[in-house]
Amino acid sequence: MPTLFARPAALSFSHGARSLLIAAGLTLGLGLFLAAPAVANTVEEASQSLKAGDHAKALDQINRFLSDKPKDAQGRFLKGLILTGLNKPNDAIAVFRKLAEDYPDLPEPYNNLAVIYAQQKQYEKAKEALEQAIRTHPAYATAHENLGDIYSRLASQAYGKALQIDGSNASAQTKLAMINDLVGAPAKVGAGKTASPAHPTVQPPKPVVVAAAPVTAEPAKPTAPPVITKPEPVKPADPVKPEPVKPATKPADATAEIAAAIDGWLSAWSRKDVKTYLAAYAKDFQTPNGQARKAWEAERSQRVGKPGKIEVSRDKFSIKAEGDDKVVVRFRQHYKSANLNTSSGKTLVLVKRDGKWLIQQERVG
Amino acid sequence: MKLLKIRTGLLCAALILQGTLVFAKDASAPRYTDSGPEPLLARVFEHIEQQRWDVALKETESLVKAYPNFRLAHLIKGDLLMARTRPLSRFGEGGEKEAKDQVADLREEAIARLRAYRNKPDEKVVPRYLLQMRPDQKHAVVVDTQKARLYLYQNDNGTPRFVADYYIAHGKLGADKFKEGDKKTPIGVYHVTSSIPRQKLPDFYGSGAFPINYPNAWDKKQGRNGSGIWLHGTPSDTFSRPPKASDGCVVLANTDLDALAKNLQLGTTPVIISNNIEWLSLDDWQAERTSLIGMIDEWRSDWESLDINRYARHYAKEFSSDGKDLAAWVAQKKKVNAGKQWIKVKTDNISMFRNPGRDDYVVVTFEQDYQSSNLSNRMQKRQYWIKDGGRWKILFEDAV
């Protein structure tokens with residue numbers, strides 16, 4: 001029943017000092033707005049204006065559209081985005097919250113509510129909203145990632161209170177992603193208000209991390225004094241081997257080599273070739289949050305290897321050399337799966353080891 | 001089950017805490033009113049052990065709500081949240097990067113609190129130090145520095161009855177104070193000397209302070225010095241301090257100090273500080289008490305007998321008084337006694353407290369009513385009794 005509209009491209013915009021990463025994707029019509037093309041175009045126009053950075057115009061257009069179709073989910077969602085862009089977080093919250101009430105099965109309004117709450121440092125509210133998003137869509141990747149970020153912020157706050165340190169510094173970098181398009185999981189989203197309650201088979205929210213930590217501590221025997229035996233701190237996989245000195249590569253060659261390395265990595269990712277995917281990373285790869293290499297590998301194996309067709313691709317990249325054997329590469333990465341279609345900036349730091357370009361750092365943005 | 005495996009890592013500390021403590025749990029039903037954060041804290045760790053993370057977090061949030069400045073609870077909350085984003089292998093790990101020492105302190109506090117909670121003293125045992133409280137001593141305070149715990153006892157016709165116990169912090173460098181500035185808490189038998197109200201104190205001391213009489217007569221004899229050992233409260237920005245935090249004082253949470261203060265009599269309430277309380281069954285306690293009371297009475301009647309040898313056998317070989325050794329002192333007493341037809345001695349309001357330190361003696365105080373054919377006086381007497389060759393003997397005595 002639902003109609004699919006393909007969105008042409010990813011949107012991206014930033015909000016004030018804190019830049020948000022934008023996830024974009026396929027738009028799923030809700031069956032509610034099987035609108036006439038002219039009306040759909042008005043949403044489209046507002047969306048184009050937003051993309052062009054003309055928020056005032058976008059707001060005007062969407063308001064006009066909504067005066068005709070006040071219930072339209074897509075239009076209201078876009079209005080929430082526009083208000084966010086206009087730095088009117090409270091108005092945006094009101095829009096997204098009402099939308100979430102009217103369409104409790106849609107995870108996107110919850111996600112975006114959470115992003116705005118997080119900007120206002122209302123992490124508890126952000127957490128609740130994201131948990132709500134995940135309750136309806138347990139596999140909703142963006143919400144999971146955002147929730148992970150919120151959890152670490154809340155944790156930092158708690159640690160700050162525990163240790164009298166400034167917890168806000170601990171996670172200064174934000175990686176909350178705002179959803180820019182209303183993405184429904186096909187065949188799951190019902191038609192708005194009349195939608196059935198959240199899927200009964202929904203799994204409980206899962207922790208984001210699904211890897212084993214190499215823990216060695218054993219519980220003490222009951223008679224032993226209660227001394228905590230500290231397990232050894234987790235060590236990075238292997239020390240970095242000294243690199244043999246090599247003649248400098250010519251720039252042109254290097255670019256081709258780097259392109260090949262990145263494309264090999266993306267293609268391994270797309271075809272779920274976990275081994276090749278992991279082999280693209282240097283031994284001293286800086287895992288996110290300083291995670292143990294093994295834990296990180298386990299997590300990536302699990303995620304990359306997850307069944308379901310995906311496609312990861314890139315746009316043109318820029319290279320900045322940081323020495324003969326080290327470059328910083330930036331590009332736009334597109335990720336497409338059955339129910340998620342995102343596009344985000346990616347930064348890789350590649351190092352040349354034994355003639356191969358390997359990923360030493362991977363950052364979103 | 002990889003998912004579970006991370007979590008084992010998360011709070012292995014919790015497991016270890018539990019593992020060591022759980023055995024005492026079923027000894028008997030709860031006997032005393034639970035106060036303070038321990039019951040909830042223990043529940044949080046139980047949930048963590050059983051991997052009920054969400055419940056654990058919820059309970060931790062209640063804990064934080066009830067005790068907003070309870071840093072330990074915030075640390076656990078941090079862990080429970082952080083564990084949702086990445087594996088943790090140690091208690092407090094997420095905060096270690098920032099403040100490793102403080103995490104270690106809070107870990108110590110967690111251990112101390114849970115251990116004390118799990119091992120509340122059985123009602124059939126008493127600290128062996130409280131041999132005899134004076135009738136006017138309504139309560140006695142016994143501190144265990146190793147367990148970071150203060151126990152309040154009520155004087156129930158001479159038998160100490162447990163009332164409450166509280167988490168405490170003591171000297172940064174432990175117990176057994178010897179000299180000024182050694183950041184240690186003294187060990188011995190003291191009493192509360194005065195009270196300093198909150199208004200006269202910096203915030204650091206919290207809701208009030210109760211100085212104790214360190215160094216006491218015995219400490220001075222041993223060459224111990226230093227001063228300003230107090231029981232006091234906690235700064236307003238924290239609910240409690242780590243187990244080893246003070247310069248020698250005994251530090252309580254403000255609410256606990258306030259509760260304790262109601263039971264402290266200035267100049268009267270004994271404060272006995274031990275680094276590891278020895279507990280006696282009530283039977284053993286009674287036996288020790290009776291034998292010493294009997295011996296004190298024997299000493300009294302032997303003094304009345306005017307038989308110098310009977311009297312002198314109550315004094316230890318190492319006894320000394322005013323620079324005289326035992327022999328010289330006995331000779332002098334003999335001379336004094338020669339001029340008397342009779343002596344009558346009464347001892348009232350006896351208190352007997354065993355010293356918890358390495359110096360194994362019992363400090364006995366009483367009102368002495370001395371009458372004789374040619375001299376009478378009343379005084380507050382203090383004696384230090386030791387076991388010498390299996391018999392109670394007096395090592396030192398003076399008037400206070």
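Which residue stands opposite B:His170 in β10(B)? B:Lys244 does. Hold that pair in mind.

Some ground rules. This is a predicted model: local features need pLDDT of at least 70, side-chain atom pairs count only at pLDDT 80 or more, and totals for chains, interfaces and linings use all residues. Residues are numbered from 1 along each chain as its sequence is written, while chains are lettered from A and ligands numbered from 1 in the order in which they are written.

Now the strands around β5. Strands are DSSP runs of E, at least two residues, and helices are runs of H or I, at least four, numbered from the N terminus. Two strands pair if DSSP finds at least two bridges between them. β5(B) pairs with β10 (residues 244-246) of chain B in the parallel sense, over two bridges. β5(B) is also joined to β11 (residues 250-252) of chain B by two bridges, and these run antiparallel. There, B:Ile168 has B:Leu252 as its bridge partner. With β4 (residues 149-156) of chain B, β5 (residues 159-171) pairs antiparallel over eight bridges. B:Tyr151 stands opposite B:Asp165 in that pairing. The hairpin of β4(B) and β5(B) has two residues between the strands, and B:Asn157 takes a positive phi near 50 degrees.

Next, an open sheet in chain B. Five strands, order β2-β16-β17-β18-β19, with antiparallel pairing. β2 (130-132) and β19 (391-399) are the edges, each pairing on one side only. β17 and β18 pair over 11 bridges. B:Thr365 has B:Arg382 in β18(B) as its bridge partner.

On to two helices. α3 (residues 38-49) and α6 (residues 93-118) of chain B pack at about 105 degrees, axes 10 Å apart. Axes are lines fitted to C-alpha atoms, for helices over the stretch in contact, and angles run from 0 to 180 degrees between N-to-C directions. Angles of 65 to 115 degrees count as roughly perpendicular. So α3(B) and α6(B) are roughly perpendicular to each other.

Last, the core. A nonpolar core is a set of buried Ala, Val, Leu, Ile, Met, Phe, Trp, Tyr and Cys residues joined through C-beta atoms within 7 Å. Buried means 20 or more other C-beta atoms within 10 Å of a residue's own, with C-beta atoms placed from the backbone. The largest core has 144 residues. Among those with the most contacts inside it are A:Leu130 and B:Ile168. Helix α7 (residues 141-163) of chain A gives the most to this core, with 10 residues. A second, separate core of 15 residues includes A:Trp265.

Conventions. Angles under 35 degrees count as roughly parallel, over 145 as roughly antiparallel, 65 to 115 as roughly perpendicular and the rest as oblique. A residue is buried if 20 or more other C-beta atoms lie within 10 Å of its own, exposed if 12 or fewer, and partly exposed in between; C-beta atoms are placed from the backbone.
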